[in-house]
Amino acid sequence: MAKKWHYGRIATWIICFTHLIAYNTFSQASEDSHSLLWEITDDTTTEPSYLFGTIHLICQGDIYYPDLLVEKLNTSKALYLEIDMDDPGMMTAMAQHMPMKNNARLPDLLSEDDYKQVATFFKDSVGLNLSLFHHAKPFFLSSILFNRVLGCQPESYELKLMAMAQKDSKEIKGLETIEEQLAVFDSIPYHKQAEMLLYMIRNLPKAKVEFKELVEVYKSQDIEKLRKISQDSEFDFPNQEEILLNSRNRNWIPVISEQVKTQSTFFAMGAAHLGGEQGIIALLRKAGFTVRPLY
């Protein structure tokens, strides 16, 4: 059990990094945007399904599960996360897709002085020998920094939802494979990823303040305010909305649509995927589903 928790925590670090850098593209879901929990129905379904926007890692004191959320998960027959975190082959797939292509190395992506700063930080503050991760995609190293950004022992909505589903022997699946999620970062130049890693290390206090504000607004469920305060984030990759959000959202709609028509399902994904004209809510409505807020 302890080993599975460790593997899941690594996966949530990765998902969380994708989630945070996508926040500046957060758009209003609709005029009824003050909700994180939504019901999905259409004329062919006998039981509703549900859509929940998560924040992937959050301090223990900030995470909460209202009775309505627990009720809807309990009545659902399956749980779909962004990836299948219950898959025993997940860590093998992660290990295979973590290295950069073309034998790229982190020391070649930064100046000598910048690399020394990153290596010193990981040795002194994280306890990792950076030389062991020279070939890892820099975003993976950035994701490890989230313990420092939160400044606490983080909890994962995904891991808690998965534990609840496992307790009831529910089916657990993913909207995309870990290979598909990691492939997103082959589309973002490695030197840009390395620059973001360096920037985060140099600006951790600012990152902590920004993420704390995002968490507070997330807890208030005010999607539009969340968009407004996060659109100027310095901790993102510019002009990557199509790769990080839109194309993935479009790929998920057929999966969600088929599953909704099959059985009552609880879908949980980063809240950044919900809003906007290319968000999950709008795309489901365009596909003919009725999607209404439950909070």
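**View 1. The lining of the second largest cavity divides into eight nonpolar, no polar and no charged residues.** In this predicted model, the residues that line the second largest cavity are Leu-36, Phe-52, Tyr-64, Pro-66, Leu-69, Tyr-157, Tyr-218 and Tyr-295. The space that lies in this second largest cavity comes to about 30 Å³, and a search of the whole structure finds two cavities of 30 Å³ or more.

**View 2. The largest pocket, with a volume of about 170 Å³, is shown with the residues that line it.** Its lining is made up of Cys-59, Asp-62, Val-149, Leu-150, Lys-208, Phe-211, Lys-212, Val-215 and Glu-216. Two or more of these residues come from each of two elements, namely helix H6, which covers residues 146-150, and helix H10, which covers residues 204-220. Which element gives the most to the lining of the largest pocket? That element is H10, with five residues. When the lining of the largest pocket is sorted by class, five residues are nonpolar, none is polar and four are charged, whereas the lining of the second largest cavity has no charged residues.

**View 3. Helix H4 and helix H9 cross at roughly 60 degrees.** Helix H4 takes in residues 112-126 and helix H9 takes in residues 190-202, and the axes of these two helices come within 10 Å.

**View 4. Residues of H4 meet residues of H9.** On the H4 side, the residues that take part are Asp-114, Gln-117, Val-118, Phe-121 and Phe-122, and on the H9 side they meet Leu-197, Leu-198, Ile-201 and Arg-202. Sorted by class, the contact of H4 with H9 has six nonpolar residues, one polar residue and two charged residues.

How values were computed
Residues numbered from 1 in each chain as written. Predicted model: local features only at pLDDT ≥ 70, side-chain atom pairs only at ≥ 80, totals over all residues. Heavy atoms only, no water. 1 Å grid on protein atoms, 1.4 Å probe; cavity = no way out; pocket = protein on both sides within 12 Å on 5 of 7 lines; lining within 4 Å. Points joined across faces, edges and corners; volume = space filled by probe spheres on them. Helix = DSSP H or I, 4+ residues; strand = E, 2+ residues; numbered from the N terminus. Nonpolar A, V, L, I, M, F, W, Y, C, P; charged D, E, K, R; others polar. Axes fitted to C-alpha atoms, helices over the stretch in contact; angles between N-to-C directions. Contact = heavy atoms within 4.5 Å.
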